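Biologist: Could you take me through this model before I set anything up with it?

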Amino acid sequence: MRLTGDPAPGTMNSSSGSGNFLLVPIPEYPLLDCLPNKTVKIVVLGASNVGKTALIVRFLTKRFIGDYEANTVLRSRKPPTIDSSIHSFILKVTLDGEEVSLQIQDTPCVALQDDAEGLYCQEQINRSIYWADGYVLVFSITDHNSYRTIQPLYQHVRRIHPSGNIPVILVGNKSDLLRARQVSADEGETLAASLGGVYFEASARENHEGVHSTFLHLCQEVIRVLGGGNGEKRRGGLHLARPKSPNMQELKRRFRQVLSSKVKSSTTL
Ligand SMILES: Nc1nc2c(ncn2[C@@H]2O[C@H](COP(=O)(O)OP(=O)(O)OP(=O)(O)O)[C@@H](O)[C@H]2O)c(=O)[nH]1
């Protein structure tokens with residue numbers, strides 16, 4: 001099944017419970033004509049394999065990334081590999097009756113250093129952290145190491161933004177895998193409270209609504225804490241270019257590929 005509309009190259013229209021989303025790759029220039037004034041910039045961070053990309057894909061397309069993978073395997077026997085580059089998306093959302101331009105960045109994984117306190121974190125992630133207004137910190141409830149990464153990760157964000165409130169939410173993903181649970185809901189809630197954020201358990205695999213409300217909650221929190229407008233201005237005039245998305249053409253090609261394979265397989269089955 002194709003997403004609503006017939007996407008022009010480089011754009012996709014999707015719909016969600018709260019209205020129509022326009023999904024476009026973030027260009028290297030501002031979209032002054034077609035985006036609302038209010039902008040919220042969100043980055044998704046976490047350890048390897050926790051489901052960062054799956055959560056974003058679920059939010060944007062209402063689908064589970066594994067469905068795309070399975071579908072492509074079926075058709076070409078060559079699953080798409082999501083590379084570890086930074087990918088960016090813009091969509092319009094309506095919050096409390098007002099249109100907001102939501103920009104989301106997916107990032108490569110971070111990892112704990114051997115001392116379990118420091119982080120291995122690529123420079124491009126630092127640029128994304130600097131760029132963003134709000135932070136989705138993700139771990140998997142089936143992987144206690146990914147949970148242990150969160151506190152150092154938050155400290156890392158704090159070092160980049162030493163002053164002021166940091167809108168953050170903590171997501172314990174893969175809540176469908178209850179039998180493999182290694183992190184309790186209490187541990188999630190306690191950690192989120194210590195970071196000054198809210199804890200959500202989510203399943204990118206099974207639940208769109210949970211993922212959807214998680215992202216929207218963070219949007220609202222960003223607007224509440226920072227107000228609308230432009231993040232760079234809020235940070236005392238410091239300007240840092242938005243991280244580039246060098247592989248956006250490739251990502252668009254993969255999106256089109258998996259979406260068209262979805263159309264074909266659903267019509268042939
Ligand atoms: N059961 C289950 N599997 C999930 C869920 N979310 C993601 N996965 C699977 O977990 C694996 C990792 O998902 P990704 O979205 O690539 O994780 P990531 O955090 O972006 O991974 P990195 O590229 O290592 O940073 C994939 O096989 C997904 O299909 C979930 O909610 N439930």
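Modeller: What follows goes from the overall fold to single elements and residues.

Modeller: This is a predicted model, in which local features need pLDDT of at least 70 and side-chain atom pairs count only at pLDDT 80 or more, while totals for chains, interfaces and linings use all residues. Residues are numbered from 1 along each chain as its sequence is written, and side-chain values use heavy atoms, with hydrogens and water left out.

Biologist: How many helices and strands does the protein have?

Modeller: The secondary structure comes to nine helices and 10 strands, where helices (H or I, at least four residues) and strands (E, at least two) are DSSP runs numbered from the N terminus. Of the 269 residues, 50% count as buried, and buried means under 20% relative accessible area, exposed over 50%, and partly exposed in between, with a 1.4 Å probe and protein chains only.

Biologist: And what share of the contacts comes from residues 24 or more positions apart?

Modeller: Those residues account for 76% of the contacts with a separation of 6 or more, a contact being heavy atoms within 4.5 Å.

Biologist: Switching to α6, which of its residues are buried?

Modeller: In α6, residues 185-195, the buried ones are G188, L191, A192 and L195. Seen down the helix axis, they fall within an arc of 100 degrees, so they line one face of α6; the arc is that of the directions from the helix axis to the C-beta atoms. As background, an α-helix has 3.6 residues a turn, so residues three or four places apart point the same way.

Biologist: What covers that buried side, and which residues are on the other one?

Modeller: The cover includes β8 (134-140), α4 (144-148), α5 (150-160), β9 (168-173) and β10 (198-201), whereas D186, T190, A193 and S194 are exposed on the other side of α6. Just after the helix, G196 takes a positive phi of about 80 degrees.

Biologist: Where does H161 sit, and what does its side chain reach?

Modeller: H161 is in the loop between α5 and β9, and it is buried, with a relative accessible area of 9%. Its side chain reaches the backbone oxygen of I129 at 2.8 Å, which falls under polar contacts, meaning a pair of N or O atoms within 3.5 Å; within protein, one must be able to donate a hydrogen and the other to accept it, and residues adjacent in sequence count only if both atoms are side-chain atoms.

Biologist: What about N126, buried or exposed?

Modeller: N126, which is found in helix α3 (residues 123-131), counts as buried at 17% relative accessibility. Not counting residues up to four places away in sequence, N126 touches C121, H156 and I160.

Biologist: Last topic: how does β4 pair with β5?

Modeller: The two strands, β4 (residues 87-95) and β5 (residues 98-106), run antiparallel and are joined by nine bridges, and strands pair if DSSP finds at least two bridges between them. L91 stands opposite L102 in β5, and the strands form a hairpin with two residues between them, where D96 in the turn has a positive phi of about 50 degrees.

Biologist: Why call β4 largely enclosed?

Modeller: Eight of its nine residues are buried, so β4 is largely enclosed by the rest of the structure.
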